[in-house]
Amino acid sequence: MRRIAVINQKGGVGKTTTTVNLAAALAAAGKRVCVVDLDPQAHASTHLGIEPDGTIPSLYDVLVSNKSIAEVRLLAADNLWLLPSDINLAAAEVELAGIVGREVILREALAQDPETFDFMVMDCGPSLGVLTLNALATVDEVFIPLQPHFLALHGLSKLLETTALVARRINPKLTVTGVVVCLYDAATKLAQEVVNDLSAFLTQSRGANVPWGNAKVFETRIRRNIKLAECPSFGKSVFAYAPKSSGAVDYMALANEVLCTSTTVVGPMKMTVEVSDRQQTLQTAMTSSEPGA
């Protein structure tokens, strides 16, 4: 089973949209997929048609009240299951503050669950708190949705630093598989420049002893598409709401790319690139995350 956390501490970059529609695309491809909604806003749950009204068990009950995963899991669609969230999950950050081992509660709960899946995709909130740490302690892979703006690179450096810390102290298997470029507009020069700078930075990190040492920018670009913004209000994935839209096309392409992605570590790659101001900013910000810093 591939366990993937979709994270970015910046809001509005497409985390939930990517989690739900990538999961739906993988399920449509015949894979057994479970979505884990770790955001107290419960947007992934709502997106999949599960209204977080406080009457159904949620991940809060797993993390705080020791309910089993099986008692919480719901079938959302063919081949697609959901571990839902609700607003109570916000209280878990406080209630777990004094608990020893709070970062691995989810990992231990999942280890006791006999159900098997091909993919488990976790939607994390816009923070790097206890809930996101539980996700990072549990998964093997991290996908980072990124809007191609300059300031997004500054936030990315902090996120990569967090993955390095978790890999050293909690989950040595943690790797950053890649960056998913969302809200992409090919007509703008800035979007293309930011993607090029990010690709160059990741290339320079190739083979380094850091979680993103073999990361890439996914070839698929998720274009701006109004159907992606509309479908959550109907409790449907983009495939159920607008299967012929560019949003559906893009997420199916991303799913195909994910299915072909190997997590095998490759050797170092040397490549000479021209370092722009934006890339230099990212490189400088990441210096403190590298071994020996």
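Predicted model: local features only at pLDDT ≥ 70, side-chain atom pairs only at ≥ 80, totals over all residues.
Let's start with helix H1, which covers residues 15-28. With 14 residues at 1.5 Å a residue, H1 should span 20 Å, and because its end C-alpha atoms are 20 Å apart, the two values agree. The helix is mostly covered, with 12 of its 14 residues buried. Among the buried ones are Lys 15, Thr 16, Val 20, Leu 22 and Leu 26. After H1 comes Gly 30, which has a positive phi, near 95°.

Of the 24 lining residues, Gly 12, Val 13, Gly 14, Lys 15 and Thr 17 lie nearest the pocket's centre.

What about enclosed space? A search of the whole structure turns up one cavity of 30 Å³ or more. Its lining is made of Ile 144, Leu 156, Leu 160, Val 176, Val 179, Leu 198, Leu 202 and Ala 215. Helix H8 (150-169), E7 and helix H9 (189-204) each bring at least two residues to the lining of this largest cavity.

Here are the two spaces by volume and lining class:

| Space | Volume | Lining by class |
|---|---|---|
| Second largest pocket | about 460 Å³ | 11 nonpolar, 10 polar and three charged residues |
| Largest cavity | about 30 Å³ | eight nonpolar, no polar and no charged residues |

Conventions: Residues numbered from 1 in each chain as written. Heavy atoms only, no water. Helix = DSSP H or I, 4+ residues; strand = E, 2+ residues; numbered from the N terminus. Expected span 1.5 Å × (residues − 1). Buried < 20%, exposed > 50% of the residue type's maximum accessible area, 1.4 Å probe, protein only. 1 Å grid on protein atoms, 1.4 Å probe; cavity = no way out; pocket = protein on both sides within 12 Å on 5 of 7 lines; lining within 4 Å. Points joined across faces, edges and corners; volume = space filled by probe spheres on them. Nonpolar A, V, L, I, M, F, W, Y, C, P; charged D, E, K, R; others polar.
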